[in-house]
Every structure is written in C-alpha cells, then in structure tokens.
Amino acid sequence: EAEVTIAPTSTDTTPPADVSNLQAAAQDGVGVFSWQAVEDPSGVTYVLELADNADMTDAIEMRGKVTSVLVSDMAYGMWYWRVKAVDGEGNESQWVTGTPVENLDKTAPDNVLGLTAARQGAQDAVFMWTGVVDPSGVNYMLEYADNADMQNATQITTDATTATVKN
C-alpha cells in the first residue's frame with residue numbers, strides 16, 4: 001500500500017494591519033526610516049520603498065523583519081517613502097506613505113586656504129584662493145574693506161576661486 005501525506009492548506013487570506021507611526025530623518029547623506037511593528041500569527045516581513053520622486057518610479061526596495069532601516073550614501077534632496085507589511089502567507093497590507101524627508105547637507109565645507117591678493121593695474125585688486133569641495137556645491141563669500149576693522153565692508157559671492165575688484 002502506498003502512503004499518502006496531505007499537507008494542510010492555509011485558508012488565511014486576511015492581510016496584516018497597516019503599519020503606523022512612520023518617522024524619518026535624513027542629514028549629511030544618511031537617512032533613518034522607522035515604523036510601528038504589526039502582529040500576525042504567521043509572521044511579518046516589511047517592504048520599504050524609497051524614491052527621489054513622488055511617483056515612486058525607480059524606487060529602491062528593501063525587505064526585512066526589522067522596523068527601522070538606516071540608509072547611507074543617500075543623495076541630497078527630497079526623498080519619498082512608503083512601507084507595507086506582508087504576512088507569512090503572502091497577504092499584504094496597504095502601502096502607508098511616510099512624510100517626505102529632505103536629506104540636507106549640514107556639514108560646513110573645509111576652510112579656504114591660500115588666500116592671496118594682488119594689484120592689477122593702477123587700482124584693481126585680484127583675490128585668489130584654493131577651492132574646496134562639498135557634496136552639495138560651494139559658493140564663496142569674499143568680504144573686503146579699506147580698514148582693518150572691516151567697517152563698511154563689501155561682499156562678493158562667487159562660485160569661482162578668483163575675484164577681481166574694480167576701483
């Protein structure tokens with residue numbers, strides 16, 4: 001006689017509850033995304049989608065059993081995100097969208113080095129310095145005056161590493 005084993009089939013078609021309490025923060029290329037855990041007898045996996053557009057096209061998808069994800073090397077700018085829960089039977093909750101988070105560059109660039117000034121012609125002055133690099137770009141503010149106390153100083157903003165002052 002042949003022995004037949006019949007595996008039980010699941011009749012669980014109930015999705016897990018939607019995630020809640022979504023929180024996010026990002027700064028200097030690092031983002032942290034978290035949400036409240038949900039319960040399901042068959043276990044829960046979470047799906048986090050992260051995109052640089054509200055349509056979520058080309059979203060980065062991350063799956064895991066954790067309720068907090070640290071993302072490094074994030075580009076600067078606005079990030080959109082959403083999370084859903086998937087139970088052990090494959091039932092999915094609805095997507096829950098988090099508040100968009102802006103990844104800001106909060107680290108000041110290095111100090112400018114090698115500032116020199118030279119006369120050009122009878123009255124013009126040329127200022128030069130060594131440029132610095134910053135992930136979000138750099139603008140330089142040159143401030144000059146005809147007195148040591150910098151009273152009534154003039155400011156020039158530029159993205160170049162030289163500035164000519166015409167008198």
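Predicted model: local features only at pLDDT ≥ 70, side-chain atom pairs only at ≥ 80, totals over all residues.
## Ground rules

Local features need pLDDT of at least 70 and side-chain atom pairs count only at pLDDT 80 or more, while totals for chains, interfaces and linings use all residues. Numbering starts from 1 along each chain as its sequence is written, and side-chain values use heavy atoms, with hydrogens and water left out.

## The cores

A nonpolar core here is a set of buried Ala, Val, Leu, Ile, Met, Phe, Trp, Tyr and Cys residues joined through side-chain atoms within 4.5 Å. Buried means under 20% relative accessible area, exposed over 50%, and partly exposed in between (1.4 Å probe, protein chains only). The largest such core has 19 residues, and Val19, Phe33, Trp35, Tyr46, Trp81 and Val83 touch the most other members. At least two residues each come from strands S1 (20–27), S2 (30–36), S3 (44–51), S5 (68–71) and S6 (77–87); strands are DSSP runs (E, at least two residues), numbered from the N terminus.

There's also a second, separate core of nine residues, with Ala125, Val138, Leu142 and Ala163 among them.

## Phe33 and the rings

Leaving aside residues up to four places away in sequence, Phe33 touches Gln23, Ala24, Leu48, Leu50, Thr67, Ser68, Val69, Val71, Met74, Trp81 and Val101 (contact: heavy atoms within 4.5 Å). Phe33 and Trp81 are both buried.

Four aromatic pairs turn up, taking Phe, Tyr and Trp rings (six-membered ring for Trp) with centres within 6.5 Å, where planes under 30 degrees apart are stacked, over 60 edge-to-face and the rest tilted. Phe33 and Trp81 make an edge-to-face pair, because their ring centres are 5.1 Å apart with planes at 65 degrees. Phe33 is in strand S2 and Trp81 in strand S6, so this pair ties together parts 48 residues apart in sequence.

Elsewhere, Arg82 lies over the face of Trp95, 4.2 Å from the ring centre; the rule wants NZ of Lys or CZ of Arg within 6 Å of the centre and within 35 degrees of the ring normal.

## A three-strand sheet

S1-S2-S5 is the strand order of an open sheet with antiparallel pairing (two strands pair if DSSP finds at least two bridges between them). S1 and S5 are at the edges with a single partner strand each, so one side of each has no neighbour in the sheet. Four bridges join S2 to S5, and Ser34 has Ser68 in S5 as its bridge partner.

## Out on a loop

Gly121 is in the loop between strands S9 (113–120) and S10 (124–130). Its relative accessibility is 62%, so Gly121 counts as exposed. Gly121 and Lys166 are 45 residues apart in sequence, with their C-alpha atoms 9.8 Å apart.
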